[in-house]
Amino acid sequence: MGDTTLRIGMIGLDTSHAPAFAELLNDPNHPYHIAGGKVVTAYPGGSPDFELSASRVEGFTEKIREKFDVAMAGSPEEVAEASDAILLLSVDGRVHLDQFRKIAPYGKPVFVDKPFAVSSGDAQAIAELAQAHRIPLVSCSSVRYAQGLTDALSDDSGGALIGADCYGPLELQPTQPGLYWYGIHTADMLYAALGQGCRQVRTVTNDDHDLVVAEWSDGRVGTIRGNRKGNKTFGALIHREKGSRFVDVYAHPKPYYASMLEAVMAMFRTGVPPIDLNETLEVIRFIEAANESRSTGRTVQL
């Protein structure tokens, strides 16, 4: 391994992102190989009370250990000790604060996979730890980096961006309250478009659908629509002064998680996060408010 190759550690091998990221970083023959880092150590983790975690951790651990020659560690601290940068991938957002607390003293840059946290209190605590230990930190949904969305947002020929409507599947998991599990994908798309400054949200919900209508402090309106019935595709409409543009997140062959990992690796090298942490905190508060409105039927202020 050359001097410029970062030693990457993984925490949480209970998500498909774990083998996907290991392949992108460790396999130079992958068509979207990302140079400059190699996964060298990992802590499997896993949440016994979350079926989507418990049922997958063993298989992903074996694949990462055998196929990509990654050493297994006995704790998050061991991963932090043996790496230059950390991918905190645990699929269960409830454990992120505890795991981050264990690795923060090592001062290594960290990517936290979605959901960053499942309460704004946990999210704020992670942010304060990162600030105290001067840790470059980023967390987001990979859909935020879909090339179709990036292209639409960078093309301002239609004038100022005045609103956005985002949609996608919205499966529910009892351990990840309400919109935290899948709603974070569409929420992150909306924030990629409109940025910080949401003032209030109102959620309409039934067994098959959720619709969140959000008003920004400058008057712009954005929506996220989630469905548990029918197609399981993501997309968006970006509204500008002179017209609206449909965003096809599947228009490009490059996986959006590869584009996201490129941005994460750039942060690992430079120490500069690609997303303002205050925006990430607002996304979590946005989902929390949407969940509250989902329960009460009332408009909730952020």
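Serine 120 lies in helix α6 of this predicted model. Because its relative accessibility is 24%, serine 120 counts as partly exposed.

**Serine 120**

- Leaving out residues up to four places away in sequence, serine 120 touches Tyr180, Ile284, Arg285 and Glu288.
- Serine 120 and alanine 289 are 169 residues apart along the chain, while their C-alpha atoms are separated by 9.7 Å.

**Helix α6**

- Helix α6 covers residues 120–132, and at 1.5 Å a residue its 13 residues should span 18 Å. The C-alpha atoms at its ends are 18 Å apart, which agrees with that expectation.
- Which residues of α6 are buried? They are Ala123, Ile126, Ala127 and Ala130.
- Seen down the axis of α6, these buried residues fall within an arc of 100°, so they line one face of the helix.
- The buried residues of α6 are covered by parts of the chain that include α5 (96–103), β6 (137–140) and α10 (277–296).

- In α5, the buried residues are His96, Leu97, Gln99, Phe100 and Ile103.
- Viewed down the axis of α5, its buried residues fall within an arc of 165°, so they too line one face of their helix.
- How do the axes of α5 and α6 cross, and at what angle? They come within 10 Å and cross at roughly 10°.
- Angles under 35 degrees count as roughly parallel, and therefore α5 is roughly parallel to α6.
- On the α5 side of the contact are His96, Leu97, Phe100 and Arg101. On the α6 side they meet Asp122, Ala125, Ile126, Leu129 and Ala130.
- Sorted by class, this contact of α5 with α6 has 6 nonpolar, 1 polar and 2 charged residues.
- Ile126 and Ala130 are among the buried residues of α6, and both also take part in the contact with α5.
- His96, Leu97 and Phe100 are among the buried residues of α5, and these three also meet α6.

**Loops on either side of α6**

- Proline 115 lies in the loop between β5 (110–113) and α6.
- A cis peptide bond joins lysine 114 to proline 115, with omega at about -10°.
- Arginine 134 follows α6 and lies in the loop between α6 and β6.
- The phi of arginine 134 is near 55°, a positive value in a residue other than glycine.
- Is arginine 134 buried or exposed? Its relative accessibility is 76%, so arginine 134 counts as exposed.

**Serine 141**

- Serine 141 is found in the loop between β6 and α7 (147–154).
- Because its relative accessibility is 0%, serine 141 counts as buried.
- Apart from neighbours within four places in sequence, serine 141 is in contact with Lys114, Ile184, His185, Asp188 and Met260.
- One of these contacts, Lys114, is the residue joined to proline 115 by the cis peptide bond.

**Aspartate 69**

- Aspartate 69 is placed in the loop between α3 (57–67) and β3 (71–72).
- Although aspartate 69 is not a glycine, it has a positive phi of about 55°.
- Aspartate 69 has 64% relative accessibility and so counts as exposed.

**Tyrosine 32**

- Where does tyrosine 32 lie? Its place is the loop between α1 (17–26) and β2 (37–43).
- Tyrosine 32 is partly exposed, with a relative accessible area of 25%.
- Not counting residues up to four places away in sequence, tyrosine 32 touches Leu24, Pro253, Lys254, Pro255 and Ala258.
- The C-alpha atoms of tyrosine 32 and glycine 178 are separated by 34 Å, and the two residues are 146 residues apart along the chain.

**Threonine 4**

- Threonine 4 lies in the segment before β1 (6–11).
- With a relative accessible area of 68%, threonine 4 is exposed.
- Threonine 4 and alanine 71 are 67 residues apart in sequence, and their C-alpha atoms are 20 Å apart in space.

Terms used. Residues are numbered from 1 along each chain as its sequence is written. This is a predicted model: local features need pLDDT of at least 70, side-chain atom pairs count only at pLDDT 80 or more; totals for chains, interfaces and linings use all residues. Side-chain values use heavy atoms; hydrogens and water are left out. Helices (H or I, at least four residues) and strands (E, at least two) are DSSP runs, numbered from the N terminus. The expected span of a helix is 1.5 Å times one less than its number of residues. Buried means under 20% relative accessible area, exposed over 50%, partly exposed in between (1.4 Å probe, protein chains only). The arc is that of the directions from the helix axis to the C-beta atoms. Contact means heavy atoms within 4.5 Å. Axes are lines fitted to C-alpha atoms, for helices over the stretch in contact, and angles run from 0 to 180 degrees between N-to-C directions. Angles under 35 degrees count as roughly parallel, over 145 as roughly antiparallel, 65 to 115 as roughly perpendicular and the rest as oblique. Ala, Val, Leu, Ile, Met, Phe, Trp, Tyr, Cys and Pro count as nonpolar, Asp, Glu, Lys and Arg as charged, and the others, Gly among them, as polar.
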